[in-house]
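I opened this structure to go through a sheet, a ring cluster and a loop residue. My notes follow in the order I looked things up.

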Amino acid sequence: MQDRIKIIEQTVVGLGYDLVDIENTQQVLRIYIDTISSDKNISIDDCVKVSNQLTRIFEVESVDYDRLEVSTPGIDRPLKTYAHYLKFIGHEAVVTFKQPLGNKKKYAGVIIEPKNENTLCLEVENKKEIFVIDFTINEVDKAKLSLEAYFPKSSKAKTDRTESKPKKKNDGDI
C-alpha cells in the first residue's frame with residue numbers, strides 16, 4: 001500500500017499537480033488532484049492526463065486496482081497539509097480539532113497568514129467577538145473549505161440580479 005501511495009504521489013507531483021487526497025475502497029482507487037497555484041483551476045484534461053499516466057505506471061509496476069478515478073477535490077475541498085492552508089489564505093474554512101479548544105471542537109472562520117512557520121491561524125467571528133485560533137496541523141482532525149467561500153450569504157451579484165429588471169421590448173425590438 002505504501003508503495004502505491006509513493007508511486008501516486010511521485011507521478012502527480014512530477015506532472016506538476018498537487019496531490020490532495022487518496023481514497024481507496026474495495027472497488028475504486030480515487031485520486032484527488034489540484035493545481036499548485038491558486039490562480040488556475042483543474043480541468044478535465046488535467047484529470048485525464050494524470051489518469052492516463054497512472055494507468056501506464058500501474059501496469060509497469062504491477063500495481064493492483066479495480067477502477068481508477070482522478071478528480072478535483074470539489075467545492076468543499078479538504079485541507080490536508082500546511083501548504084493547502086497557505087494556498088487558501090483569505091478563504092473561509094471549517095476546521096474540526098481532535099481535542100476541544102475552549103468548549104468545542106469545530107470552528108468556522110477565515111484562514112489568515114500564520115505567525116510562524118509551524119503554526120496555522122483561523123480568524124473566527126462569533127456573536128460577541130472576533131478571535132484568532134493558532135494551531136498546528138497535528139491538532140486537526142479534519143478541515144475543508146467552506147461553501148461560504150464560494151457562495152457568501154450577502155452576495156453583491158445576487159443583489160444586482162434582483163434589483164435590475166429586464167427592459168420592456170418596444171414593438172420595433174427583435
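Entry 1: The model is predicted, so I read every value as computed from it.

I then looked up how strand 2 (residues 28-35) and strand 3 are joined. The two run parallel, with 5 bridges between them. Next I checked what packs on the sheet. Helix 2 (residues 44-61) does, and it touches strand 1, strand 2 and strand 3. The direction of helix 2 makes about 150° with that of strand 3.

In which order do the 3 strands lie? I found 1-2-3, in an open sheet with mixed pairing. Strand 1 (17-24) and strand 3 (67-71) are at the edges. Each has a single partner strand, so one side of each lacks a neighbour in the sheet.

**Entry 2: the rings.** I searched the whole structure for aromatic pairs and got 5.

Tyr-85 and Phe-135 came up as an edge-to-face pair, at 5.9 Å centre to centre and 70° between the planes. Why does this pair tie together parts that are apart in sequence? Tyr-85 sits in helix 3 (residues 82-87) and Phe-135 in strand 7 (residues 130-135), so the parts tied together are 50 residues apart in sequence.

Are these two residues buried or exposed? Tyr-85 is buried, at 1% relative accessible area. Phe-135 has 2% relative accessibility and counts as buried too, because the cut-off is under 20%.

Phe-135 also pairs with Phe-97. I read 5.1 Å centre to centre and 80° between the planes, again edge-to-face. Phe-97 belongs to strand 4 (residues 92-101) and Phe-135 to strand 7, so this pair ties together parts 38 residues apart in sequence. Phe-97 is buried, as is Phe-135.

I then traced the cluster. Ring pairs link Tyr-85, Phe-97, Tyr-107, Phe-131 and Phe-135.

**Entry 3: Thr-119.** I looked up where Thr-119 lies: in the loop between strand 5 (104-112) and strand 6 (120-125). Its relative accessibility is 15%, so Thr-119 counts as buried.

What does its side chain hold on to? I found a polar contact of 2.8 Å with the side chain of Asn-116. Setting aside neighbours within four places in sequence, I listed Tyr-82, Pro-114, Asp-134 and Phe-135 as contacts of Thr-119. That brought me back to Phe-135, a member of the ring cluster.

Note on methods: Residues numbered from 1 in each chain as written. Heavy atoms only, no water. Helix = DSSP H or I, 4+ residues; strand = E, 2+ residues; numbered from the N terminus. Buried < 20%, exposed > 50% of the residue type's maximum accessible area, 1.4 Å probe, protein only. Polar contact = N/O pair within 3.5 Å; in protein donor to acceptor, adjacent residues only side chain to side chain. Contact = heavy atoms within 4.5 Å. Phe/Tyr/Trp six-rings, centres within 6.5 Å; stacked < 30°, edge-to-face > 60°. Pairing = 2+ DSSP bridges. Axes fitted to C-alpha atoms, helices over the stretch in contact; angles between N-to-C directions.
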